[in-house]
Amino acid sequence: MKRLFLLSLCFMSMGAFAQWNGGGWNGGGWNGGGNNGGWNFGGEGSNNGGSIGEYKSKKDLDYVGDNHIGHKLDVYFPKDDGKEKHNVIIHIYGSAWGRNDAKGEADLGTVGVAALKAGYIFVTPNHRTYNDALYPAQINDIKAVVRYLRGNAEELGIDTSFIGISGFSSGGHLASLMGVTRGVKTYTVGSATMDIEGNLGKYTNESSWVDAVCDWSGPVDCRYKSCGSPIPMAPEDDMVGKCNAQQCPDKHALLGANTFIDPYDAPTMVCHGSTDNIVPQCEGKMFYDNLEKAGVECVYYPHGGGHGVAGDYTDEMIEFFEGIRKKKLENQASVKAIDAVASQGLCFDNDKVYICEGSCENCTYILTDVLGKVLSQGVLNDNGINISQLRKGIYVIRLSSGKTLKFSK
């Protein structure tokens, strides 16, 4: 099981707010689309910074097929650059998980325009609220979005070799979860087991894998609240059935992105403002520190703004995504070469791999991924090399004899 990280964060608990305005946070007070008399979860300048209306789009695509408003998405296309296909950036709106209809307010003029100008297809999905269905329904929805995009890649002109995901506030939480649950189907903490992947839609054979994440001011783990002085609200309790972290610690652990961190997670950018009075900046810093500690490629951009998407940092987001995308492209040639010689010189028995050609008595080995990250090392013996914890992918074994062997799992 992955290491369980416990950290401070987020909103001061106040159960009396749980049903404010008739149930949930979206009755006209806590509102994800803008500052309509309450707190603004839609982002500072959600629709500022540029015009998205000049870009072609397809609206209200049903990514599950059940006609639920929470299962609709919009797709915006970059201007004609002569390419038939483009990579994708998905962006998830903020709403304290309390709106199922805010895709049209998902930081279109900041994140959206930046993505489109950089040549990406820009996708904004709705997702269900905790009033529609309890967690993990919300992450199940976003997993289904990615599978839908892969299943309709030809029709939408999508190059699936790189899919980045971004999110603001509660959307940043869901985007971050996408990055740390790649390959996770179900997960258990204590007495609670949840189906993180889900089985929504027609494209369950497709992968929900994302290649990189950008978290804008996300409440990634609401279990501990000593990290700052945010406003007194606790929508995370509603996410797991009106149950706080003391009453339902295992469910809250499964809601926290830090629970799932391991070295194989998606490269992640964290951007968070020092004057954020809804999700304190130290929350983003803690998430970044935990990713870095685990060896995950990550960057952190603290800034002086409040709770919102800082439009000045969308250039950094594009630069980060482009760096990951190009690194992946650079490795494609080596992956093809690996596929051509996969498993030569190696023998496999269940979850063990052995050197089966040539002599390597008392050899030491280093097992890495294709990016060179060391996953294990030691002395070769009759027990072989344990690969049970490896996910699907391409791996390299370097022997002290100078020989290099490559295999796919």
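This note goes through the fold of a predicted model, from the overall counts to single elements.

1. Basis. The model is predicted, so local features need pLDDT of at least 70 and side-chain atom pairs count only at pLDDT 80 or more, while totals for chains, interfaces and linings use all residues. Residues are numbered from 1 along each chain as its sequence is written, and side-chain values use heavy atoms, with hydrogens and water left out.

2. Overall content. The protein has eight helices and 17 strands; helices (H or I, at least four residues) and strands (E, at least two) are DSSP runs, numbered from the N terminus. Of the 409 residues, 56% are buried, where buried means under 20% relative accessible area, exposed over 50% and partly exposed in between, with a 1.4 Å probe and protein chains only. Among contacts (heavy atoms within 4.5 Å) with a separation of 6 or more, 75% are between residues 24 or more positions apart.

3. An open sheet of eight strands has the order 1-2-4-3-5-8-9-10, with mixed pairing; two strands pair if DSSP finds at least two bridges between them. Strand 1 (57-62) and strand 10 (298-303) are at the edges with a single partner strand each, so one side of each has no neighbour in the sheet. Neighbouring strands of this sheet are turned by 20° against each other on average, direction ignored. Axes are lines fitted to C-alpha atoms, for helices over the stretch in contact, and angles run from 0 to 180 degrees between N-to-C directions. Within the sheet, strand 8 and strand 9 (residues 268-273) run parallel and are joined by four bridges, with C214 opposite M269 of strand 9.

4. Helices on that sheet. Helix 1 (residues 108-117) packs on the sheet and touches strand 2 (72-76), strand 3, strand 4 (121-125), strand 5 and strand 8. The direction of helix 1 makes about 145° with that of strand 4. Helix 4 lies across strand 3, strand 5 and strand 8, and runs at about 140° to strand 5.

5. Burial of helix 4. Eleven of the eleven residues of helix 4 (residues 170-180) are buried, so this helix is largely enclosed by the rest of the structure. Among the buried residues are S170, H173, S176 and M178. The buried residues of helix 4 pack against strand 3 (86-92), helix 2 (137-151), strand 5 (158-168), strand 8 (212-216), helix 6 (249-255) and helix 7 (281-293).

6. Helix 2 against helix 4. The two axes come within 10 Å and cross at roughly 65°. Helix 2 and helix 4 are therefore roughly perpendicular to each other; under 35 degrees counts as roughly parallel, over 145 as roughly antiparallel, 65 to 115 as roughly perpendicular and the rest as oblique. The contact is made by Q138, I139, I142, K143 and V146 of helix 2 and by L174, L177 and M178 of helix 4. These residues divide into six nonpolar, one polar and one charged. Here Ala, Val, Leu, Ile, Met, Phe, Trp, Tyr, Cys and Pro count as nonpolar, Asp, Glu, Lys and Arg as charged, and the others, Gly among them, as polar.

7. A histidine in helix 6. H252 is found in helix 6 and is buried, with a relative accessible area of 2%. Leaving aside neighbours within four places in sequence, H252 is in contact with R223, E236, D237, V240, C243, N244 and A245.

8. Strand 6 and strand 7. Strand 6 (residues 186-189) and strand 7 pair in the antiparallel sense over four bridges, and M194 of strand 7 is the bridge partner of Y187. The two strands form a hairpin with two residues between them, and G190 in the turn has a positive phi of about 60°. In strand 7 (residues 192-195), A192 and M194 make up the covered face, T193 and D195 the uncovered one. In a regular strand the side chains alternate between the two faces of the sheet.

9. Strand 11 (residues 346-349) and strand 12 (residues 352-355) pair in the antiparallel sense over four bridges, with C347 opposite Y354. N350, in the hairpin of these strands, takes a positive phi near 55°. Strand 12 is also joined by two bridges to strand 15 (residues 385-386), running antiparallel; V353 stands opposite I385 there.

10. Four strands form an open, antiparallel sheet in the order 14-13-16-17. Its edge strands are strand 14 (374-379) and strand 17 (404-408), each pairing on one side only. Strand 16 (residues 394-399) and strand 17 pair over five bridges, and R398 stands opposite T404 of strand 17.
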